[in-house]
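Please look through this note with the model open beside you, and check each point against what you see.

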Amino acid sequence: MSAHPTSRQFKDNASRAIADKQLTGNLKAVRQNFIDKRLKAVKELPEFEVLRESAKEIKNHTLAHLDLYLEKYEAKVRESGGHVHFARDAAEARQIALDICRKVGAKTVTKGKSMITEEVGLNAYLEANGIVPVETDLGEYIIQLRGEAPSHIIAPAVHLNKNQIESDFRRVHTHLDPARDLTEKTSLLTEARAVLRERFLAADVGITGANFLIAETGTSIIVTNEGNGDLTQILPKVHVVMASIEKMVPTLEDVSQILRLLARSATGQEMSCYTTFSTGPRRPGDVDGPEEYHVIILDNGRSAMLGGEFQDMLRCIRCAACMNHCPVYHQIGGHAYGWIYPGPMGSVLTPSLIGVDEAGHLPNASTFCGRCESVCPMKIPLPKMMRHWREREFERNLNPAVARYGLGFWAFFAKRPKLYAFSTRLAMKAMKLLGRSKGSFSMLLGVGAWTKYRDFAVPEGETFQAKWKRERGGK
Amino acid sequence: MTEARDSIFASIRRSLAVKGDERIRAGIVEDRLDRAPKGIIPTRAQVDHGEKLELLLKKLEGVQATFARLENAAKIPAAVADYLRSNNLPATIRKGDDPRLAGLPWSETALEVSDGRSDGHDLNAISHAEAAIAETGTLVLTSGHENPTTLNFLPDNHIVVLNASDLVGDLEAIWPRLRKKFGKGEMPRTVNCITGASRSGDIEQTILLGAHGPRRLHVLVVEG
Ligand code: SF4
């Protein structure tokens with residue numbers, strides 16, 4: 001799937017998504033799973049709050065010295081026998097990746113889950129040039145079969161249910177017995193494992209992203225649960241890492257701080273199953289591992305965000321907590337946002353990367369409830385930055401039609417009482433939960449954010465609408 | 001290529017309003033890389049060895065890994081044979097040439113032992129861990145012919161030997177050990193931090209074990 005945006009049609013996309021009963025049904029999994037799991041993991045680590053502060057400082061420090069850390073990192077990768085390539089934009093990044101594949105005569109390329117390769121539209125480009133890219137993360141594999149983009153940054157197929165996946169497998173895996181039983185979720189997993197195992201062993205090049213790059217040692221890190229990223233990078237002759245400039249951290253100690261936040265915020269795990277540190281190619285005496293190791297470092301608009309009002313966004317570690325807690329995302333899913341980064345982080349990042357002309361509507365996709373900021377492990381002030389975009393949009397567009405269109409979004413959400421009620425109910429529930437566990441209101445994370453942007457009454461446990469319904473005995 | 005590199009660095013420096021040759025900035029960066037200051041270390045990991053071991057075992061259970069405690073390394077082959085038998089698995093095992101595994105009484109068991117990396121056709125493999133982290137129940141394995149990385153991912157059943165004396169409390173405690181062994185600023189090609197068996201939540205957010213990596217993870221903790 002290429003990274004061609006449809007964010008201009010956000011309003012239509014969103015209306016269509018809300019009307020899609022199957023989609024809204026499937027999206028319940030986001031609310032039901034991610035929120036409680038994260039909360040449990042956070043409660044079990046008393047240091048979570050101070051770690052957020054620590055991680056924020058580490059990233060701020062890194063960004064303020066990014067040129068120097070990048071130089072250190074680059075020198076370290078070369079020392080360990082790896083190659084470093086720089087790409088200003090998506091086209092350069094695609095070309096470098098293609099050239100590396102061509103040089104080794106690659107026919108198939110396995111891929112670990114990577115938002116950056118989605119951002120640059122790598123798969124479509126490789127395909128157009130006669131190289132077959134194979135996504136190996138189960139969710140990415142499923143959406144690749146469907147020709148779709150991911151709808152969530154860590155759960156790319158969260159918009160689909162088991163039956164939809166089963167029919168895709170039957171449609172594509174035609175070499176298998178048509179009468180086979182795929183009613184259990186485990187049989188779907190087992191089938192994908194067997195099909196992809198062959199692809200792993202046959203691939204000429206493996207391409208992964210990186211969750212972090214470490215300046216101290218020239219190391220790239222991937223974090224996965226399936227183990228697909230590891231098979232992608234250890235089996236083929238060549239391992240290519242594609243990562244954007246802000247993935248940098250100074251030291252192993254620094255990345256350890258942030259790793260404590262990542263899995264907890266993403267899936268509620270204390271650590272994901274596989275956190276893998278890779279430094280250069282196969283060493284003398286090694287019996288496995290890639291013979292070549294390349295890193296493609298992508299800018300694509302990020303260097304211009306430094307030093308400005310959107311710099312904080314470069315702290316993002318792509319944990320997805322903001323979208324998992326976003327009432328708008330819960331209702332419309334990821335595809336409606338029209339580009340690969342959905343939810344609050346996408347509403348801030350997308351206009352920076354592809355421009356306000358394309359994505360100027362996204363910062364309106366918010367009820368300004370403040371949940372995203374309160375759960376963001378990197379303390380990114382997402383609502384504030386969405387407001388910055390709106391202000392810019394407003395100043396830029398004295399064109400009344402466009403301004404009206406922007407304002408139309410308030411009406412769009414206000415006219416959907418279900419969505420509005422849901423977002424306020426969620427806010428109340430969270431406040432109560434937190435209030436109960438800590439006792440003191442002033443300490444509550446998130447409340448600050450809410451009251452900054454919204455005029456919320458002190459919660460009495462229920463919203464007015466919920467009370468009204470209960471007292472009337474209706475549903 | 002160098003054009004892209006130069007223009008990215010120029011753009012970063014323009015945005016940060018720096019030239020890149022400021023002594024103070026360079027000093028700050030050198031100092032951080034040199035000192036590698038520790039941040040916040042969870043108190044749960046700052047306990048004595050016995051409690052660390054208890055914590056590790058509890059965390060292993062929490063990620064659906066199993067374990068057995070052994071008095072000494074000589075008991076490893078029999079423990080492997082037991083594990084495979086009790087799970088109805090064939091009596092085969094692949095390993096690297098780690099001397100800590102090579103010198104064991106394998107011939108006293110009925111196990112068929114093979115050596116070297118996996119080509120994807122091995123059901124069972126055994127590796128020796130470099131260390132483990134009690135805080136999260138994480139095993140730390142390093143690459144090399146002693147313990148080939150393919151053994152960590154291709155076989156269905158992965159058995160990992162841990163010397164209890166290699167157990168540390170927190171993630172940060174791994175790094176001084178590796179620096180001592182490999183040199184400051186150096187890393188083995190791959191460091192795998194493994195926390196439980198392979199899993200996926202991609203079908204309706206239901207966690208299923210055995211995605212692409214091992215379906216089972218079994219840890220042999222050697223205490224003597
Ligand atoms: S903005 Fe924050 S919560 Fe959202 S993905 Fe990034 S780090 Fe996670």
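How many residue pairs are in polar contact between chain A and chain B?

1. The count is 53 residue pairs, both residues being at pLDDT 80 or more, where a polar contact is a pair of N or O atoms within 3.5 Å, one able to donate a hydrogen and the other to accept it, and residues adjacent in sequence count only if both atoms are side-chain atoms. This is a predicted model, in which local features need pLDDT of at least 70, side-chain atom pairs count only at pLDDT 80 or more, and totals for chains, interfaces and linings use all residues. Residues are numbered from 1 along each chain as its sequence is written, chains are lettered from A in the order in which they are written, and side-chain values use heavy atoms, without hydrogens and water.

2. Chain A brings 105 residues to the contact and chain B brings 82 residues, contact meaning heavy atoms within 4.5 Å. The buried area between the two chains is about 7,700 Å², with 57% from carbon and sulfur atoms; this is the accessible area (1.4 Å probe) that the two parts lose on being put together, summed over both.

3. Across this interface there are 19 salt bridges, each a side-chain nitrogen of Lys or Arg within 4 Å of a carboxyl oxygen of Asp or Glu. One of them links K72(A) with E30(B), at 2.4 Å from N to O.
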